[in-house]
Each structure stands twice: as C-alpha cells, then as structure tokens.
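Thanks for coming, everyone. Let me put it on the screen.

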Amino acid sequence: MLLALTASVLSSCGDGASMKPRSSGEPYDVVVVSNDSRVRTILSRMLETLLPGLPQQENAFDVSHAADGSSLQAYRYARAIVVADIDAQRHSATRLRYEKDVYASPQMIVYLETPSADSLIADHTRIGGSLRALLGRFETNTALRHLRKSHSPAREKEVEKAVGCCILVPADLVKTKSGDHFIWLSADGSSSVRSICIYSAPGTDVSVDRLTALRDSVMRVNIKGETDAMYLTTERRIAPSLRTIKVGGRMVVEMRGLWQMQGDIMGGPFVSHTIVDTLRGRTITAEAFVYAPGEPKRNIIKRMEAALYTLSPR
C-alpha cells in the first residue's frame with residue numbers, strides 16, 4: 001500500500017510559535033464526542049486497533065469519551081478530538097474533515113459527518129483507515145516540529161561523515177559509535193534505551209529478504225553484547241513487515257519488526273526507512289529501535305520514528 005506524508009513536514013521554515021495555549025493529553029490520546037452509544041462504540045473500535053510491530057499488545061490510540069456525550073466545550077483544549085456529527089438532512093454520506101490548532105496547540109479536531117450510525121457502521125473499514133491515518137500523520141508532524149527545534153547539528157555532521165547522508169538527529173542522542181558506512185546514536189534513560197542506526201550498502205534491492213539479511217549482517221558486526229557471541233539480530237518468530245510510503249516526493253521502504261540480542265534476553269521493537277540512492281547505486285537505511293523492559297513502547301518508538309522521515313542522500 002502506498003501512503004503519502006505531505007512534504008511540508010520536512011520543511012525547516014515557517015514554523016513559528018503558536019499563541020494558543022498548549023493542548024492537554026499525551027501523544028496518541030483521542031477524545032471522542034458523540035451522544036450516540038453505537039457511534040462511540042464503533043469509533044473506539046476504529047481507533048483502538050492493535051499497533052503492529054510491538055512485542056506486547058498496544059492500541060494505535062488511547063480513547064476517552066466526552067462525559068456528556070455531545071459537548072466539545074469542556075474538552076476544547078484536548079490534543080486530538082473526534083466529533084461525530086450525525087444528521088441525515090445535512091449529510092448524504094459519511095466523510096471526514098478536520099481543523100488544526102483551533103483552541104490549543106498542537107491540536108487536531110476531526111469532524112465525522114454521517115447521516116446515521118448505520119451509515120457509519122456500513123462504511124467503518126474505509127472510514128477507520130482514513131481516521132487512523134489522519135490522526136497518525138498529525139502525531140508524526142507534531143513530533144517532526146519538535147525535532148526541528150531540538151536536534152543536534154554536531155551529531156548530524158558525524159552521520160554525514162560516516163554514511164554520506166543527511167538526517168535530523170534528536171538532541172538527546174549523545175552517545176555515538178561509528179563503523180564502516182555505519183553509525184549508531186543512542187541515549188540511556190531511566191527506563192529505556194533509545195537508538196538510531198544509519199548505514200549504507202551497495203545495491204538497490206529493497207526486498208524484505210535482502211533488507212533483513214543486510215540488517216542482520218550490519219548489526220552483528222557493529223552492535224555486540226558483553227562478548228562477540230552476543231549481538232543484535234532480527235527476531236524471526238514474527239516476520240518483519242514491509243510497505244512502501246512516499247515522503248516529500250521520495251519513495252521509502254518502511255520495515256517494522258522485533259529485534260533481540262543473540263545470547264541474551266534483551267529485545268524490543270524496531271522500525272526502519274530505506275531509500276535508494278540511484279546516483280551511487282546504494283541503499284541507505286535509518287533505523288530506530290528501543291529497549292524498554294516492562295514499559296509501554298508505542299510512544300517511545302513513534303517519537304524516535306519521526307526522525308526517519310528526514311533521511312535523504314547527501
């Protein structure tokens with residue numbers, strides 16, 4: 001499936017400070033406003049689908065409902081809001097429209113316009129996919145805006161020297177290790193270790209078999225445990241998934257899966273973006289991976305993933 005992420009998220013200009021109050025809630029929190037119980041149920045099911053590529057079950061979004069069912073006013077400062085507008089006189093079909101930063105920033109309010117609950121239920125597959133994609137892009141764009149304000153030019157120069165590419169590096173990734181056309185940037189927190197690796201290799205094959213084999217060979221050489229017999233590898237019991245997306249006019253191959261440390265109990269989720277550098281006959285891969293035992297991992301990996309959208313050849 002081909003998905004598009006608007007090129008504007010990659011722009012470094014025109015991102016002035018908002019005068020609106022800061023929105024409330026965490027990333028991927030959504031408030032649903034509707035006085036129809038069936039609509040509330042179907043919207044919850046749409047948004048609370050399981051997110052792929054994680055070692056434990058986590059929903060794509062965390063949903064709460066407006067207390068009185070129909071009023072937006074009490075929740076107007078929430079980060080993400082879905083308002084169901086059910087009216088057979090004004091709406092002949094189910095559709096979505098949205099507004100950004102109406103009462104607070106960052107904020108997205110999505111209006112779901114439908115003639116009836118039955119119409120929404122009949123069209124739930126299409127509407128659910130569109131709704132998740134819309135809110136997901138909002139969260140990615142929000143993370144990218146933060147990244148553009150807080151990144152590390154010094155680390156980015158190291159990436160360019162080691163791999164010959166450009167990427168915005170989160171400012172907290174202060175530890176680095178370089179290898180042959182490879183660099184590993186990481187940050188140790190109190191409950192998680194967050195990492196981004198960037199590497200290149202000759203060839204333009206972007207099949208799942210080639211990218212997985214390349215990943216394993218690069219990680220085995222560059223990311224080891226306490227002994228040479230311990231190294232980072234791909235968890236094969238759950239096969240990595242692959243899809244093609246479009247980022248700023250460039251085709252990108254996204255891979256999601258799980259990693260493990262051979263000979264150890266460490267593991268977690270990873271996501272990578274691979275682009276083809278046709279001028280040099282090579283692929284460039286940027287990968288984010290997380291180690292956070294006992295912690296929810298969705299928001300951590302999603303925040304790291306935003307940096308991958310800024311990858312480009314030099």
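Start with L47. Leaving aside neighbours within four places in sequence, L47 is in contact with V30, V32, A60, F61, V63, L131, R132 and L135. Contact here means heavy atoms within 4.5 Å.

Before I go on, the ground rules. This is a predicted model, so local features need pLDDT of at least 70 and side-chain atom pairs count only at pLDDT 80 or more, while totals for chains, interfaces and linings use all residues. Residues are numbered from 1 along each chain as its sequence is written, and side-chain values use heavy atoms, with hydrogens and water left out.

Now the core. A nonpolar core is a set of buried Ala, Val, Leu, Ile, Met, Phe, Trp, Tyr and Cys residues joined through side-chain atoms within 4.5 Å. Buried means under 20% relative accessible area, exposed means over 50%, and partly exposed is in between, with a 1.4 Å probe and protein chains only. The largest nonpolar core has 58 residues, and L43, L47, L131, L135, V159 and I198 touch the most other members. Which helix gives the largest share of this core? Helix α3, residues 124-149, with seven residues. Helices are DSSP runs of H or I, at least four residues; strands are runs of E, at least two; both are numbered from the N terminus. Apart from this core lies another, of 16 residues, including F182, L214, V253 and M261.

Next, helix α4, residues 153-163. Its buried residues are E156, V159, A162 and V163. They sit on the same side of α4, because they cover an arc of only 130° around the axis. That arc is taken from the directions from the helix axis to the C-beta atoms. The general rule is simple: an α-helix has 3.6 residues a turn, so residues three or four places apart point the same way. Turned away from the buried side of α4, the other face carries exposed K157 and K161. What do the buried residues of α4 pack against? They pack against β7 (165-166), β8 (175-179), β9 (182-188), β10 (193-202) and β15. After α4 comes G164, with a positive phi near 75°.

On to β15, residues 282-291, where E287 lies. Is E287 buried or exposed? Buried, with a relative accessible area of 0%. Its side chain makes a polar contact with the side chain of R215, at 2.8 Å. A polar contact is a pair of N or O atoms within 3.5 Å; within protein, one must be able to donate a hydrogen and the other to accept it, and residues adjacent in sequence count only if both atoms are side-chain atoms. Not counting residues up to four places away in sequence, E287 also touches others, among them C197, Y199, F270 and L308.

For C166, the nearest cysteine sulfur is that of C165, 6.7 Å away. C166 is partly exposed, at 33% relative accessible area. For C197, the nearest cysteine sulfur is also that of C165, 12 Å away. C197 is buried, at 0%.

Last, the strands around β13, residues 250-262. Two strands pair if DSSP finds at least two bridges between them. Four bridges join β13 to β11 (residues 231-234), antiparallel. There, T234 stands opposite W259. Seven bridges join β13 to β12 (residues 241-247), also antiparallel. Across that pairing, K246 partners M251, and R243 partners E254. β12 and β13 form a hairpin with two residues between them, and G248 in the turn has a positive phi of about 55°. On to β14, residues 267-277: eight bridges join it to β13, antiparallel again. Here G257 has F270 as its bridge partner. β13 and β14 form a hairpin too, with four residues between them, and G263 in the turn has a positive phi of about 85°.

That's the tour. Questions, please.

Technical notes: Disulfide = S-S within 2.5 Å.
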